[in-house]
Amino acid sequence: MNFVVPDFYPAAAEIFVAVMALVIMLASTFARGVRWLGYALTQLTLIAAAFVTIFTMQGEVSYTFSNLFVSDLMGQFLKLVIYFSMAVALLYGRGYLADRNIDKPEYYLLALLMTLGMMVMVTANHMLPMYIGLEMMSLALYTMVAFDRDSGRSTEAAMKYFVLGALASGLLLYGMSMVYGATGSLEFTGIAQAVYNQAANQTVLLFGLVFLVAGIAFKLGVVPFHMWVPDVYQGAPTAVTLVIATAPKLAAFAMAIRLLVWGLFDLAAQWQTMLMLIAVASIVLGNLAAIAQQNIKRMLAYSGISHMGFVVLGLLAGVVDGDRHFALNAYSSAMFYAVAYVIMSLASFGMVILLSRAGFEAENIDDFKGLNKRSPWFALMMMFVMFSMAGIPFFIGFFAKLSVLQAVVAAGYFWLAVVAVIMSVIGAFYYLRVVKVMYFDAPEDTSEIRAPAELRVLLSANGLAIAALGVAPQMLMSLCAYALLASL
Amino acid sequence: MTDIPFLSLAIWVPILGGVLVLATGSDRNAPLARILAFAVAVAGFVVTIPLYTGFDTSSSAMQFVELQSWIPRFNINYHLGVDGISVLFLLLNAFITIMVVMAGWQVIQERVAQYMAAFLIMSGLMNGIFSALDGVLFYVFFEASLIPLYLVIGIWGGQNRVYAAIKFFLYTLLGSLLMLIALLYLFMQSGGSFSILDWHQLPLPMEPQVLIFLAFLIAFGVKVPMWPVHTWLPDAHVEAPTGGSVVLAAIALKLGAYGFLRFSIPIVPDAAHQLAPVVITLSLIAVIYIGFVALVQTDMKKLVAYSSISHMGFVTLGFFMFNQLGIEGAIVQMISHGFVSGAMFLCIGVLYDRVHSRQIADYGGVVHTMPKFAAFFMLFAMANSGLPATSGFVGEFMVVLGAVKFNFWVAFAAAVTLILGAAYTLWMYKRVVFGKVANSHVAELEDINAREFAFLAILALCVLAMGLYPFPFTEVMHASVDELLRHVAVSKL
């Protein structure tokens, strides 16, 4: 047996981030006094990783590490969005963490390791790296949730997240083993081949599929695997909630594409039925439960559940009666929705951070009362975010909904579109309520908003981007379509 | 001449101007905000004038067309154009915006810049609705225009403003989202086109036609509003500040009616024919039943709100009789109602600013203290009840004539409105204006000032001019209505 040196080139970004994580670990050990070092190095790493990803980009799909690893445009595009959203999230969260005295270098190290985990997930072509990436991301996240170790609520949230997350990982692993048993392959292309040749035992395969879908649903945070979402969002420090609510959704989306579309496309009829139930349940429950919330983080958690329901809606519209030419349209609209959600979610939790300060957590919707009097500019930005999430034009959220609904209608699922639309109206209510407290109510807390300049600037840019991308969504839409085209 | 994109100007001058007004910031700069807003409103009106003067009345084609690719991924275009049906609404809209800015001049003392900006942006968005020829573009403007009105009602409204604002928003959102599904279906059926003009030519089987018609009926019916989905309107009107009520009555309600002419009738003509009896029945219920409801109102704004619903019932009635007189009469009625209801709300606003009550019972004998005002109010009340020589008469008369051709009993029922309209409007007028001076508030009233005189006088001129010589209005729409009727007569099955 001769040893072949694998081609490292397609994995340059992953290797770079892994090395930098080690560098930061060492640097923070030897330069404990320099508090900004961990943060600065992490941000630099994310920016540099973006450059590495762009410069090593290849037009065609290439495999390496004995086909464990795949480098394609979808993966690269998602990685770029992941770097971007992590960088923004860390920037938003920095002041918040400093106020609570938890901006330790380890925090940024964990964030970087989590990023690495997500990168491995989106580039996995095999069950093993998929699982490793997933665990790497999750373990880092569990720790980050518990990072404010003196806070009972954070610890409770971390515990909940960990136990349920471990359960979900177990389910996923069980599903993977069944699929392996049925197809004799762990590699997605091999699985697809086995399913296509009908060489697999259908019963075992379908059982495995159910568990895989459950694992994906947990990571996306959709019904019925959503129970952790509100509790963790509420309990975690807001800066961490911001991280949980953004980039991991993209990684979970990539996981769904790799496992379901790459691996089990021939079972689309089966998993689409499952996703249909999941999507409807998420959109209905997410929107209804959000109405009852007083805590804005909880409200955004339920709203996130319904948004992920929309992403799933896009995923299930790919194949109609064995006809596959809807696939690109459907999956790219789902991806566009996921990216749009990440942008909106960043801004929404960014606003919550903006209103928090040392010794005060802006957590309740009432903390937004009279924001228009305190700061008309940020009230405007928050209004953009809320209307965008409600799917009102001219904001990006509208075009996200439009493209998903378009895919659903094209697939002929009118009733699904009608359900989604009616629940959107119900959903609009709680977004409108936030606008209402900001604009129609008098402020209870009249203290000036004190926040670092970089947070103000970037949050403004984020809000404006939501409007600008709503006026000109073409670029992002076609990027999503183009990235997927090469990968399907 | 045609190189200048007047439609884009009509849309974007008020919107960008509104952003500029918003940038004046806090209330310290309120005088600047007011003047700037007025200038933008006037500029917004000026750019719409060439749309009328340069309009070719002999053609039914879309004019001033602008076509640019917007989102090629879904073949969505920035496609604008006006025909004889829509062009007048742009002018009306821009004109009403000036009135609204003037009316809010002194009354609004808080967050002036935001108030003015909201109306200017709304005006631009509504121009967009009237000139969009692309389904998604239409929808985008249609939805976006909800935001400023929601804020206007919620921020500057009365006691129960939050309830009214949210109710208004959710009602209209539900309707329009169902329409979105219909638009997506049409997109799919037409092989990937969002062009409204393509959809006009698209053959469709009966069953989808009926479903599409129902989706449009809900979307536009809520907006018009038709009975029984009208309940948001009285709430919104009562709680909105004067300017909000004026825009709501004069322009926003017309969006729904316009939608019927642009979407429902030409895109699904067979379903429109088949379901016309339903719409006519709903319209007649609105005309008669809501007329009676208006009669018993004790709140002036509510009364005018119900009268609006009743008048809009007349409009939808006119559309679905499918004859020239009916449709033209309905369009004339829409424009006239824009002037008259706007003026009525402005008059109530004038009283409200002084006494801070909308209750009819709190007034009486206003004529003794405000004679000039009483004269204007008289004219508008007469126009609202459809007196000949005012604009209110022309539209109603044409629709009734159209109805006689269609079916005598429909005409008979519709004509009841002439009696009811006179009854509720004039009875309200009598109780408010005539009689003895009711209380000390009324005794201390001051007559209208020059600013109020100006906007009431301009509106009075419009009402009279349109009543005495409606030809310039009907002339513009003639060719387009002709074409619409020819188009509708051909089955698409």
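## A walk through chains A and B

Start by selecting Pro228(B), which sits in the loop between α10 and α11 of chain B. Helices here are DSSP runs of H or I with at least four residues, strands are runs of E with at least two, and both are numbered from the N terminus. Now show the backbone: the peptide bond joining Trp227(B) and Pro228(B) is cis, with omega about 5°.

Before moving on, note that this is a predicted model, in which local features need pLDDT of at least 70 and side-chain atom pairs count only at pLDDT 80 or more, while totals for chains, interfaces and linings use all residues. Residues are numbered from 1 along each chain as its sequence is written, chains are lettered from A and ligands numbered from 1 in the order in which they are written, and side-chain values use heavy atoms, with hydrogens and water left out.

**Next stop: helix α11 of chain B.** Select residues 232-239. Eight of the eight residues are buried, so this helix is largely enclosed by the rest of the structure. Buried means under 20% relative accessible area, exposed means over 50%, and partly exposed lies in between (1.4 Å probe, protein chains only). Among the buried residues are Trp232(B), His237(B) and Glu239(B). Which helices surround them? The buried residues of α11(B) pack against α7, α8, α10, α12, α14 and α15 of chain B; contact means heavy atoms within 4.5 Å.

**Over to His307(A).** You will find His307(A) in helix α13 (residues 296-315) of chain A. Is it buried or exposed? With a relative accessibility of 1%, His307(A) counts as buried. Leaving out residues up to four places away in sequence, His307(A) touches Tyr337(A), Tyr341(A), Met344(A), Met389(A), Lys401(A) and Tyr431(A).

**Now the core.** A nonpolar core is a set of buried Ala, Val, Leu, Ile, Met, Phe, Trp, Tyr and Cys residues joined through side-chain atoms within 4.5 Å. The largest one has 419 residues, and Trp271(A), Tyr331(A), Phe319(B), Phe320(B) and Phe380(B) touch the most other members. Helix α14 (residues 327-355) of chain A gives the most to this core, with 22 residues. Zoom in on Tyr331(A): beyond its neighbours within four places in sequence, its contacts include Phe253(A), Trp271(A) and Leu488(A).

**Two crossing helices.** Colour α3 (residues 73-99) and α20 (residues 474-485) of chain A: their axes come within 7 Å and cross at roughly 140°. Axes are lines fitted to C-alpha atoms, for helices over the stretch in contact, with angles from 0 to 180 degrees between N-to-C directions. That makes α3(A) oblique to α20(A); angles under 35 degrees are roughly parallel, over 145 roughly antiparallel, 65 to 115 roughly perpendicular, and the rest oblique. On the α3(A) side, Leu73(A), Met74(A) and Phe77(A) meet residues of α20(A) including Leu476(A) and Tyr482(A). By class, this contact has nine nonpolar, no polar and no charged residues. Here Ala, Val, Leu, Ile, Met, Phe, Trp, Tyr, Cys and Pro count as nonpolar, Asp, Glu, Lys and Arg as charged, and the others, Gly among them, as polar.

Most residues other than glycine have a negative phi, and most peptide bonds are trans. Ser66(A), in the loop between β1 and β2 of chain A, has a positive phi of about 50°. Ser66(A) is exposed, at 69% relative accessible area. In chain B, His356(B) has a positive phi near 60°, and its relative accessible area of 56% makes it exposed. Finish at the cis peptide bond from Pro393(A) to Phe394(A), with omega near -5°.
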